Structures are given as structure tokens and as C-alpha cells.
Amino acid sequence: MNVLQQSVPLSWYLLLSALLFALGVVGFLIKRNLITVFMSIELMLNAVNLSFVTFAHQWHAVKGQIFVFFVMMVAAAEAAVGLAIIIAVFRARATLAVDRIDLMKL
Amino acid sequence: MNEPLLFLPLIALLPFLGFLLNGTLGRKLPKALVSTIALAAPAASFLIVVHDAFLVWTGARVMPVIEKGAPVWISAGTLHVDFGCVLDPLSLVMLLIITGVGFLIHVYSVGYMAHEVGYWRYFAYLNLFLFFMTVLVLAGNALLMFVGWEGVGLASYLLIGFWFQKTSAVDAGKKAFVVNRIGDFGFLIGMFLLLANFGTLTFTEIATKLSENPAWTGGVLTATALCLFVGATGKSAQLPLYIWLPDAMEGPTPVSALIHAATMVTAGVYMVARTHFLFDRSPVALSVVAIVGAATALFAATIGLVQTDIKRVLAYSTVSQLGYMFLGCGVAAYSAAIFHLMTHAFFKALLFLAAGSVIHGMGGEQDMRKMGGLRKHMPVTFWTMTAAVLAIAGFFPFAGFFSKDAILFAAFAQGGLLRVLWFVGLVTALLTSFYMFRLWYLTFLGESRNHDVHPHESPWSMLGPLVILAALSVCGGWIGLGRFGEFLAPAVGVRPTEAGGGSTELFLSIVAVLVALIGWYIADQFYRAKPARAASLATSLPGPYNLLVHKYYVDEIYSFFVVKPLLTLSRFFLEWVVDVAVLGGLAWLLGGIAQLGGAILQRWQSGNLRSYAAWLALGAAALLLFVLMPWTSLLASIGIHVGMVAH
């Protein structure tokens with residue numbers, strides 16, 4: 001009946017999700033550009049979203065999918081705020097290298 | 001039911017109100033208002049006491065008045081203590097002395113302390129003293145009396161150290177306080193014994209219980225009485241705790257007159273008289289009181305012979321006269337002791353106030369060797385002082401004659417070995433007469449030995465009290481021990497030995513006056529006729545003279561045997577072992593742990609965002625690993641079985 005369930009096993013989705021998450025973590029850790037770091041965080045977030053959707057489908061629970069919408073909505077708001085902060089930081093420091101933004105005070 | 005009111009609590013509370021007003025607002029109030037408040041309080045108290053005395057005299061109220069339904073202070077188990085006041089002949093006499101003499105000294109202080117910066121502070125303390133002293137006297141139970149007892153000690157401490165910029169005054173205050181604490185400890189133990197044996201601290205109840213058991217003597221009663229007497233030796237400056245009183249002269253002179261001569265130091269005598277029912281049941285305690293009293297009288301009088309500071313002569317004289325009072329108590333002649341307490345309050349307050357007037361007129365000089373010839377400059381002071389000197393030396397018909405005579409006769413009437421005490425008292429009378437006339441000659445007669453100062457008579461606010469006290473010093477004894485004893489009898493009982501009269505007493509009186517005359521004659525020879533003789537006697541007898549000048553080295557002995565060892569112990573044990581090693585070590589240890597922890601933990605707080613994230617990721621990974629690890633099977637493989645793993 002369910003094409004998705006029959007054709008692709010559950011573990012593949014989870015593996016993809018873990019891979020995306022690990023990519024996000026690595027990107028977060030090794031990238032120096034603040035925007036890239038920010039994108040890495042988004043990547044981790046969506047990796048988790050993917051596992052949410054997977055399990056929701058697996059257990060036939062719609063709650064997981066609703067959660068994903070909430071997460072995406074919050075992520076959109078967060079992205080707006082985050083980008084605004086990044087612009088403010090760039091204006092103040094004239095750099096986006098995270099290593100050089102280690103002081104709260106100017 | 002419609003008995004006229006006595007307002008007993010007000011006697012104590014009015015001075016307390018004065019203390020509160022002057023103590024809190026005095027700094028900002030004008031001087032005249034401070035004086036008004038300070039004088040109004042004792043004046044009002046005195047008027048209430050006179051009013052009460054009048055009611056008693058007319059028979060409107062019958063003593064003893066024991067207040068019923070007083071506010072309860074402590075009610076715990078079997079212990080009940082209230083704020084009840086007692087008015088009996090004993091407390092009435094004391095109240096008249098305290099508020100009367102106290103008021104006069106307040107008036108005197110207005111003149112004497114006029115130029116002091118701490119004027120308001122001085123009067124606040126003085127009113128506080130009156131509050132506590134009246135509480136002490138009015139108290140119907142031992143614990144309330146102890147409140148007053150401690151309170152007068154506090155007021156005394158504050159007033160001795162009134163000039164707190166002076167190290168010696170501060171030290172003297174501390175000395176007075178510490179030495180008094182030793183005595184107070186005895187008082188406390190005595191109270192515990194009372195509570196343990198009688199189950200109450202109320203004097204009347206104890207007296208009732210004792211009278212119900214006429215066979216009960218000695219033993220625990222002796223112990224109780226002696227403990228209470230230890231308290232009395234502290235407060236009333238008896239051997240071996242007298243040492244604080246001479247040093248207490250660092251305080252302002254009116255304070256010396258009020259607290260350290262007329263009232264507070266007599267609290268011990270009052271306490272012994274108040275608890276006489278205990279002492280009466282213990283011949284041992286009575287003998288101890290008599291012997292300590294007589295020994296102190298003689299001891300202090302000998303030191304008084306060579307003092308050169310006018311106030312110190314009077315201080316040792318006070319110690320000596322207090323010894324007389326205890327001698328009286330010790331031979332169970334309580335009314336004679338209280339009689340002497342009263343006359344002594346008059347003439348000793350007068351002596352101190354006159355000495356204060358002299359010091360005031362001499363611009364602060366207290367050394368008698370630098371005085372002389374003041375008679376022409378200060379006639380009023382001179383004549384009032386003369387009355388006081390004659391009174392204390394025991395000349396007929398001055399006040400001291402009657403009271404001292406009564407005590408000496410009571411001691412003599414004991415007969416047997418106790419007549420030694422009478423003899424000691426007689427020798428003391430000789431010495432007293434000598435050192436008082438020595439003071440009199442050195443201060444007022446002869447030629448001035450100091451031409452730098454221009455002595456002047458004091459203002460009338462100071463002379464007025466002198467004149468009134470002089471009148472009392474002359475007439476205060478005329479009431480006679482007979483009538484006085486009759487009046488006091490309901491409170492302290494009457495002893496056959498006190499009955500007196502007859503040729504023996506007349507003979508003893510003549511002997512006492514002769515002895516006083518001899519003392520005067522010797523002083524006259526030494527300090528008027530041939531002034532060089534005293535100095536030559538001193539140089540020819542260097543040993544005894546130095547012994548007296550150094551006050552028998554008692555301070556040095558106490559310092560060596562008590563103060564130094566305690567200080568050393570404190571330095572070593574408390575300061576080095578407890579403070580530095582234990583407490584300091586603990587503090588260092590705790591500080592060290594915190595510092596070390598901080599040094600390690602601060603590495604994590606690098607401020608580097610990526611290192612935080614890396615730690616976070618590592619932590620998450622570690623947790624994940626921990627959760628996913630098949631612990632139980634791993635442990636089982638090395639032979640350890642945990643949890644729910646079943647076989």
C-alpha cells in the first residue's frame with residue numbers, strides 16, 4: 001500500500017538524517033564564516049525535521065508532522081533575527097570570522 | 001481597697017524616660033532643655049518617694065507593700081518571675097537616699113559638667129543609672145534585682161569611660177566591668193542555688209519557707225549566702241575584688257560621688273540586708289562577711305594613708321567604709337549597717353562633691369601636693385568639707401559618729417574572738433581620722449604650693465548641693481540608731497546585740513572619739529606643725545611606705561597570676577591555635593579548593609564559540625554512546641550481574 005515504506009527502508013531515512021546532522025555539526029565546527037555557521041545550524045535543524053517526519057510516518061502519528069511545521073516556523077523567525085544580528089555584528093566589527101568575535105564588549 | 005496609690009514603678013520609669021529622651025534627642029536639644037529633662041526625672045522620682053514616705057508616716061499605707069498582679073516577666077515550668085515591686089522600710093530608706101542624693105548630684109553636675117561636649121550623653125547615662133538603681137532596690141525577686149544589678153554596672157562602665165578619648169579612663173571602665181563580672185558570677189550561682197532549693201526567687205516566699213523550717217541551718221544555705229556575698233564583694237568593692245573602685249575615679253567627679261560612693265557600691269550591703277534571712281541561718285557565712293568587711297576596712301584605710309590624688313584617698317576611704325558596713329552585716333547588725341550606709345551616702349557624696357569643687361577651682365588639678373591654702377579662696381567648699389571630714393572621722397555629734405559607733409558596738413557585743421573585729425574597726429577609725437585630716441590640711445590649710453593657678457569658688461549650682469549635704473552630714477545621725485533600727489526592724493529583724501545603751505556603749509563611744517582625736521592630732525603634727533616630718537618618716541621607713549604607695553602590689557599580683565596567664569593562654573591557644581591554625585587553615589583550605597577548581601574550570605570558558613560547540617557535540621556523543629552501550633551484557637561477560645538481569 002504505502003509505496004514509500006515498501007520501496008525505501010526506514011533506516012535509510014534515518015541514516016540520511018544522521019548524515020545531514022553530522023554535516024551540520026562539522027560545518028558548525030570548522031567553518032569560520034558566521035553565515036556558513038548559521039546555515040550549518042539550519043542544516044542540523046532540518047536533519048532533525050527529517051527524522052521527525054520519518055517516525056511520524058512510520059508510526060502513523062500526525063503529531064510529528066505538525067511538530068515539523070512548528071519547527072520550520074520557529075526556524076524562519078529565528079533566521080530573520082539571526083540574520084539581523086549578523087548584519088549588526090558585521091557593521092560593528094567589519095568581519096564575520098567567528099574566531100574574532102569572542103568578546104561580548106566592544 | 002481604696003488605698004492611696006504609691007506609684008512605685010514610676011520611681012524607676014521616670015529616670016528611664018529621661019534617659020530615652022536625652023539619649024535619643026539630646027544631641028539636637030538645647031542645653032537648657034537637656035538639663036531640665038535630666039533634673040526633672042530624679043526630682044519627680046524623689047517627690048514620689050517622699051509622697052510614699054508621707055503616706056507610710058501618716059499610716060495611710062502599711063509596709064511592707066508587696067505589689068500584687070504585677071506584669072509577669074518569665075513563666076516557664078515552675079519558674080515564675082514578675083516585675084513586682086516591694087516597698088518596705090529597707091527599700092524606702094534606700095530610695096530616699098538614691099533619689100534624694102541622686103537629685104542633688106544631678107544639680108551639681110549641671111555646674112560641674114557645664115562645658116562638656118558630651119553634656120547630653122552624661123545626663124542620659126546618669127538617668128539610666130538612676131533607673132537601674134531604683135529597679136535594683138524596688139525588685140521583689142532576685143532576678144529583677146539582678147537586672148538592676150547588671151544595669152548599674154553598665155551605667156558605671158559607661159560613666160567611668162565617659163571621657164573615652166583617654167586610654168586610662170577606658171581601661172578603668174573595662175576593669176570595673178570585668179571585675180564586676182566575677183562577682184556577678186557568684187550572684188548568678190547564688191540565684192541558681194536559691195531556685196534549686198526554694199523553687200522561687202521571690203524574697204518574701206524564700207523568707208516564708210525559711211521561717212517554716214526553723215531547724216534548717218548551714219549547709220546549702222551557707223553556700224548560697226556565700227555565693228551571694230561573692231556578688232556583693234564585686235559590686236561593693238570588698239577584698240579581693242575591690243581593685244576596680246580606685247581606678248573608677250577616672251570618671252567625672254559627680255559620678256564618683258553618686259555611683260562610686262553613695263549608691264551603687266552600697267548595693268552589695270543592701271543585697272546582704274535584703275537576703276538577711278539566709279545569712280541569719282548560716283553563722284559561717286556571717287563570720288566570713290564580718291571578717292572580709294573588717295579586713296577590707298583596715299586594708300583600704302592603710303592604702304589611703306599615702307595616696308596623693310585627692311579622689312583616690314576618697315576612693316580607698318569608700319572601700320574602707322564599705323568594709324565597715326559589711327562588718328555590721330556580718331555581726332547581724334543590719335540596721336546599723338544600713339544606718340552607716342545612709343550617713344556614709346551623705347558625707348561621702350559631700351566629700352566627693354567638695355573634692356570636685358576643689359578640682360574645678362584648681363583647673364583640673366587632683367594632686368594634693370600641689371594644693372594648699374584653698375581655705376581663703378573657697379570658703380563654702382572649705383566649711384562643707386570640714387563638716388564631712390568631721391562626720392567621717394566620727395566626731396560627736398556628726399552623722400558618722402552615730403553610725404560608726406553602732407557598728408563598733410555591735411561588733412564588741414559579739415564578745416569572744418569577734419572582739420578582734422571591733423579592735424580592727426577601732427584601728428581603722430584611727431587611720432580614717434588621720435587620712436581625712438591629712439587631706440583636709442593638704443588641701444585647704446597652709447600655704448599654696450602651686451602659684452600657677454588662681455583658685456576660685458564654684459558656682460552656686462555646685463555649692464547648693466554641698467550645703468544641703470553638709471547639713472545632712474551634721475544632722476543625719478541625730479535620728480539615732482534606736483529609732484532607725486525600730487523603723488527598719490520589720491524588714492531586717494532586730495537583734496539583741498543591737499539594743500545597746502548602758503555604760504558599755506558610752507565607754508566605747510568615748511574610746512572611738514578619743515581615737516579619732518588621736519588621728520587628728522597625728523595629722524596635725526605631720527601636716528601643719530612640722531610639714532617635713534611626714535617626708536622624713538617615709539624615707540626612714542622605705543619598706544612599708546613603698547608597700548603602701550604601691551597598694552600592696554595587689555594589681556601587680558593579679559596581673560601576674562591572673563591577667564598575664566590568661567592573656568598568654570589567649571594569645572597562644574585562641575589566637576595561634578584556634579584562630580590562625582584551625583579557623584585560618586580551614587579558610588585557606590576552602591579558598592584553595594575554590595581557586596583550584598576555578599583554575600581548572602576557567603579553561604572551558606575560553607570565549608571561543610567553536611570550542612563550546614565542540615564540547616557540546618562531544619558531550620552529546622558521549623551521552624549517546626553511554627545510552628546505547630549494552631552495559632549489562634558487557635558487565636555480564638566479565639562476571640558481574642547487575643539490575644534486573646535474570647538467569
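**Entry 1: chain A.** I reminded myself that this is a predicted model. I looked up what chain A is built from and found four helices and zero strands. Reading from the N terminus, I noted the order α-α-α-α. Of its 106 residues, 9% count as buried. I also checked the contacts in chain A with a separation of 6 or more: 47% of them come from residues 24 or more positions apart.

**Entry 2: helix α2 of chain A.** I picked α2(A), residues 10-30, and checked its length.

Next, which residues of α2(A) are buried? I found Ser17(A), Gly24(A), Val25(A) and Phe28(A). They cover an arc of only 95° around the axis, so they sit on the same side of α2(A). Their cover includes α3 (34-58) of chain A and α25 (609-628) of chain B. On the face turned away from that buried side I listed the exposed residues Ser11(A), Trp12(A), Leu15(A), Leu19(A) and Ile30(A).

**Entry 3: Val179(B).** I then jumped to chain B, where Val179(B) lies in helix α6 (residues 167-198). Is Val179(B) buried or exposed? I have it down as buried, because 24 other C-beta atoms lie within 10 Å and the cut-off for buried is 20 or more. Leaving aside neighbours within four places in sequence, Val179(B) is in contact with Gly234(B), Leu241(B), Ile243(B) and Trp244(B). Last, I checked Ile600(B): Val179(B) and Ile600(B) are 421 residues apart in sequence and 55 Å apart in space, C-alpha to C-alpha.

Technical notes: Residues are numbered from 1 along each chain as its sequence is written. Chains are lettered from A and ligands numbered from 1 in the order in which they are written. This is a predicted model: local features need pLDDT of at least 70, side-chain atom pairs count only at pLDDT 80 or more; totals for chains, interfaces and linings use all residues. A residue is buried if 20 or more other C-beta atoms lie within 10 Å of its own, exposed if 12 or fewer, and partly exposed in between; C-beta atoms are placed from the backbone. Helices (H or I, at least four residues) and strands (E, at least two) are DSSP runs, numbered from the N terminus. The arc is that of the directions from the helix axis to the C-beta atoms. Two residues are in contact if their C-beta atoms, placed from the backbone, lie within 7 Å.
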